[in-house]
Amino acid sequence: MLKLKGIAAASGISIGPAYRLNREEFVVPKQEITEDQIPLQIQLFEEALIQTRKEILELQKRISSDMGQEEAQIFDAHLLVLEDRMLIEEVISRLKKEHLGVVYIFSQVLKKYIEVFSKIEDEYLKERTADINDVGKRILRNLLGKKRRDFQDLKEKVVVVAHELSPSDTAAMHKQNVCGFVTDVGGKTSHTAIMAKSLEIPAVVGLQEVINKIKTGDILIVDGSTGVVIVNPDSDALSFYRQEQQKLKGIAERFFLVKDLEAVTLDGKTIEISANIELPEEVPSIKLHGGQGIGLYRSEFFYMNRKDLPSEEEHYQAYKYVAEQMNPYPVVIRTLDLGGDKFLSQFAAPHDMQPFLGWRAIRFCLARPDIFKTQLRAILRASVHGKLKLMYPMISGIEELKQANSILNEVKEELRKEEVPFNNNIEVGAMIEVPSAAMTADLLAAEADFFSIGTNDLIQYSLAVDRANEKVAYLYEPTHPAVLRMIKNIIESAHNAGIWVGMCGEMAGEPSLALILLGLGLDEFSMPPLLIPEVKYIIRSVTLKQAKTIALEALKLSTGKEVEEYSQIRLRELLGWEKA
Ligand code: PEP
Ligand code: MG
């Protein structure tokens with residue numbers, strides 16, 4: 001028996017035989033061609049591009065209808081690679097010059113592209129290497145007439161073991177006999193992890209050398225909640241995890257029973273449980289999982305994958321739709337959060353050394369009031385169709401908040417002059433995701449109607465840990481005492497000023513931390529829809545008093561690990577589970 005520890009990517013437990021995918025490598029012939037064979041080689045290349053495009057579009061369609069728009073959009077980047085004129089022209093011109101077969105030429109050009117991209121310092125652009133690699137392999141496969149890597153022939157449920165999985169690989173697993181997967185590479189926010197969560201397949205990534213330690217047919221236990229993978233477990237481990245699996249199944253059924261009830265503690269404190277979304281298409285999923293509003297609408301996704309900026313009318317229609325759909329529940333629209341790891345196609349990616357610390361979010365909006373005002377006008381106009389609120393990302397101090405509010409007031413004044421109706425009392429909040437904002441929350445509270453704590457960024461900034469870098473993922477601890485103290489300070493400052501405070505970072509959807517956050521006084525938890533039933537269930541199972549005691553105890557601990565262990569033990573005790 002061998003126990004390995006990686007990064008927990010998608011929760012749940014799976015047990016099954018390993019199915020090892022070898023690294024996909026192709027033997028590329030270096031074939032000389034004559035001048036008159038060139039047109040045929042170009043034709044082969046074009047056919048391979050057309051075939052690849054067809055495959056990707058089919059895959060995208062399937063994913064979009066089975067899993068949703070967001071997952072399907074991952075393939076937009078793949079389609080863009082196929083249309084890359086520079087890549088195509090380089091292949092054709094080298095074909096003409098070098099008189100070598102198209103398979104060889106294409107593989108050389110691809111290699112060069114991958115080398116160039118993987119050397120780029122910027123984490124986001126570096127991630128694009130995976131897209132180029134994925135599409136490149138598809139093209140090569142089509143040029144060579146090889147069969148695709150698919151999972152359709154699997155006769156029994158297996159755990160896929162791979163060095164890495166491309167989004168195409170993960171998507172191909174959908175509805176096939178794959179009950180889990182483990183990979184050498186990847187972090188919590190990698191595409192592979194995002195897909196695994198949507199597919200609801202337990203997964204552990206970033207295991208580093210797993211591929212060398214596992215053979216096809218080895219029995220594997222994958223615990224996607226703790227990141228533990230056990231190879232050829234002994235009978236004790238097997239029976240333990242089988243019991244855990246059963247328990248989890250029973251528990252999930254129990255969660256679903258309460259999904260449409262209020263999240264109210266046993267002693268009567270009602271908490272708001274809302275959802276994080278990127279696109280309006282996700283509204284049905286919120287309803288399915290019992291969400292009582294939208295706590296974070298990441299509006300920047302509206303600006304992506306397009307050549308122009310969205311018009312005021314497009315913004316308006318999207319916000320009106322979510323406001324109406326969610327009414328009477330609230331919808332918090334976060335104004336454009338460009339930069340960091342999210343870039344728009346209309347602007348060249350900034351060459352900041354540290355994009356997360358650079359020209360992003362509210363800094364960008366204050367510098368480009370034209371873009372900012374278009375969005376604010378649309379939000380205000382849509383505010384008459386439901387319970388819309390708005391919040392600014394990345395506020396670092398009071399001046400920024402005042403400046404943003406003054407632009408908002410200008411927009412209100414314009415609308416008033418034009419006699420366009422809007423809700424003059426729309427709630428305006430500040431995201432608290434920069435340590436300076438967390439430490440001056442008392443000052444900010446005077447200028448805001450609410451706070452929403454963005455722990456994804458707050459953790460990376462306060463612990464100096466890049467949230468997208470798997471090598472430092474072990475330092476990214478939501479339970480770090482520094483993080484807990486900041487959260488405590490933010491909540492207290494908000495309550496002292498009489499405003500409510502929510503959390504929309506991933507931490508809000510961590511079941512084991514729900515009790516601490518509840519005990520610290522959080523009023524609203526916003527999370528991916530799938531996680532809502534479990535967090536509701538937890539809140540309904542305890543008293544606020546119990547949660548307060550847990551929070552106080554947690555604050556006395558000196559390491560993130562201790563806090564994590566403590567919160568899990570207390571959760572198990574209070575809910576009568578033995579769930580890890
Ligand atoms: C956050 O930082 O916690 C957050 C919710 O915003 P984003 O993940 O979009 O940066
Ligand atoms: Mg953020």
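## Close-ups of cysteines and a cavity

**View 1. Cysteine 504 is a buried residue, with a relative accessible area of 1%.** This is a predicted model, so keep in mind that each view shows a prediction. Look for the sulfur of cysteine 504 and then for the closest cysteine sulfur, which belongs to cysteine 365. The two lie 16 Å apart. A disulfide needs its two sulfur atoms within 2.5 Å, and cysteine 504 is therefore too far from cysteine 365 for a bond.

**View 2. Cysteine 179 is buried too, with a relative accessible area of 14%.** Under 20% is what counts as buried here. How many disulfides does the count come to? The count comes to zero. As a reminder, a disulfide is a covalent bond joining the sulfur atoms of two cysteines.

View 3. The structure has two cavities of 30 Å³ or more. Around the second largest cavity you can find Val81, Leu87, Phe106, Leu110, Ile132, Val135, Gly136 and Ile139. Two elements, α5 (102-119) and α6 (123-144), each give two or more residues to this lining.

**View 4. Here is a closer look at what the lining of the second largest cavity is made of.** Which element supplies the largest share of the lining? That is α6, with four residues. Sorted by class, the lining has seven nonpolar residues and one polar residue, while charged residues are absent.

Conventions. Residues numbered from 1 in each chain as written. Chains lettered and ligands numbered in written order. Predicted model: local features only at pLDDT ≥ 70, side-chain atom pairs only at ≥ 80, totals over all residues. Heavy atoms only, no water. Buried < 20%, exposed > 50% of the residue type's maximum accessible area, 1.4 Å probe, protein only. 1 Å grid on protein atoms, 1.4 Å probe; cavity = no way out; pocket = protein on both sides within 12 Å on 5 of 7 lines; lining within 4 Å. Points joined across faces, edges and corners; volume = space filled by probe spheres on them. Nonpolar A, V, L, I, M, F, W, Y, C, P; charged D, E, K, R; others polar.
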